[in-house]
Amino acid sequence: MFTGFYGFSVGEVAGQRVSTPVVVSLACLYLLVPIALYPLASVALSGEMLLGVLIVLSAPLAAGSSIIWTRLSGGNTVLTTVVVLASMGLAPLVMPALIAVLADSAVEVSATELIVELAAIVLAGGVLAYVVPEGSVSEGKLDGFSVATIGVLIYAGVGGSTLSVEATQLAVVGGIAVATIGLSAAVAYGLYARGMQSDDCVTVLFSSSMKNMSVSVMVGAVVGGGTVVASITAFYVVQQVVSSSLVRHLDASVPSGS
């Protein structure tokens, strides 16, 4: 959360009005994606693998990767930043609600506990980013810190567990991750066909699909075991691989300032 909040220009973000790309991105992120894709996942998955997919589908926007892929693809990073902040602010309420509503009845989910956990995560990250002087931490150090933190989270989630995950299950999780980006791409293309600027459409693509791994893993560790974290990790890795393959094509096809 610290690496997501750190370096955000509050003045620049505050100057942005609530625009169509922001509203559409949040609607896709928290409504269309989980509601459309969770039923598909439930056909082929069950137990903790399915719970891991539900958690990551309900997660807020990934700050680092969404901004990086948007920038490299010629999108509007300021709008992406607005969506990041809004999704993180909504996460303590929306994420537990989605999990409680969509989860299988056999899965016990404490909405109160999730709200407290998520609120603490978001608040702590925001406060730390505020008190650390701007410019004192380089982008390279932030990236290294992010990677190290995610590694610790994954180890904490799966290190003490005996995992029994089939390759076919991981393949299904990967397919859901690809479908998430495909669904967002379809929405972005629909907006482009209706006359929206191409850079804003790129913003919608990445601002409505890239799920936050660190929040997902933390929540997964609260409500489940190592298999949940393995499912979340597989989803995240596939999303990053697919997104990276889109960047060069989008950067070449999006005219500057269009």
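1. Which helix holds V237? V237 sits in helix α12, which spans residues 226-253. This is a predicted model, and the points below should be read with that in mind. V237 is partly exposed, at a relative accessible area of 45%. Its C-alpha atom is 8.9 Å from that of A177. Along the chain, V237 and A177 are 60 residues apart.

2. Overall architecture. The protein chain has 12 helices and 0 strands. Read from the N terminus, the order is α-α-α-α-α-α-α-α-α-α-α-α. Of the 258 residues, 47% are buried. Consider the contacts with a separation of 6 or more: 85% of them join residues 24 or more positions apart. The accessible surface of the chain is about 11,800 Å². Carbon and sulfur atoms hold 64% of that surface.

3. The largest core. The largest nonpolar core contains 30 residues. I55 and L57 have the most contacts inside this core. Two or more residues come from each of α3 (20-44), α4 (47-57), α6 (77-102), α9 (167-193), α11 (213-223) and α12. Helix α4 gives the largest share, 8 residues. As a general matter, nonpolar side chains tend to be buried together in soluble globular proteins.

4. Around I55. What does I55 touch, beyond its neighbours within four places in sequence? The partners are M95, I99, S216, V219, G220, V223, V228 and I232. A separate core of 29 residues lies apart from the largest one. Its members include L26, Y30, V82 and A188.

5. E48. This residue is also worth a look. E48 is found in helix α4. E48 is partly exposed because its relative accessibility is 32%, between the 20% and 50% cut-offs. Not counting residues up to four places away, E48 touches G224, G225, G226, T227 and V228. V223 is 175 residues from E48 in sequence. Their C-alpha atoms are 9.5 Å apart in space.

6. Helix α5 and what follows. Helix α5 covers residues 63-72. Its buried residues are listed as A63, S65, S66, I67, W69 and T70. In general, residues three or four places apart on an α-helix point the same way, because there are 3.6 residues a turn. After α5 comes G74, with a positive phi near 85°.

7. T70. Is T70 buried or exposed? T70 is buried, at 0% relative accessibility. This residue lies in helix α5. Leaving aside neighbours within four places in sequence, T70 is in contact with G75, N76, T77, T80, V202, T203 and F206.

8. Helix α10: V204. V204 lies in helix α10. V204 is buried, with a relative accessibility of 0%. Beyond residues up to four places away, V204 touches P21, V24, S25, V187, A188 and L191. A188 is also among the residues of the 29-residue core. G75 is 129 residues from V204 along the chain. The C-alpha atoms of V204 and G75 are separated by 8.8 Å.

9. Helix α10: D200. D200 is in helix α10 too, which runs over residues 198-207. Why does D200 count as buried? Its relative accessibility is 14%, and the cut-off for buried is under 20%. Neighbours within four places in sequence aside, D200 is in contact with P21, N76 and L79. P21 is a contact of V204 as well. N76 is a contact of T70 as well.

10. Cysteines. How many disulfides are there? The count comes to 0. C28 is buried, at 5% relative accessibility. C201 is buried as well, at 6%.

11. A nonpolar surface patch. Which residues form the patch? They are L123, V127, L128, Y130 and V131. Together they have about 560 Å² of accessible area. V131 belongs to helix α7, residues 111-131. V131 is exposed, because its relative accessible area is 54%.

Note on methods. Residues are numbered from 1 along each chain as its sequence is written. This is a predicted model: local features need pLDDT of at least 70, side-chain atom pairs count only at pLDDT 80 or more; totals for chains, interfaces and linings use all residues. Side-chain values use heavy atoms; hydrogens and water are left out. Helices (H or I, at least four residues) and strands (E, at least two) are DSSP runs, numbered from the N terminus. Buried means under 20% relative accessible area, exposed over 50%, partly exposed in between (1.4 Å probe, protein chains only). Contact means heavy atoms within 4.5 Å. Accessible areas come from the Shrake-Rupley method with a 1.4 Å probe; for residues, only the protein chains shown count as cover. Patches are made of residues with over 30% relative accessible area and no salt bridge: like charges are joined within 9 Å, nonpolar side chains (Val, Leu, Ile, Met, Phe, Trp, Tyr) within 5 Å. A salt bridge is a side-chain nitrogen of Lys or Arg within 4 Å of a carboxyl oxygen of Asp or Glu. A nonpolar core is a set of buried Ala, Val, Leu, Ile, Met, Phe, Trp, Tyr and Cys residues joined through side-chain atoms within 4.5 Å. A disulfide is a pair of cysteine sulfur atoms within 2.5 Å.
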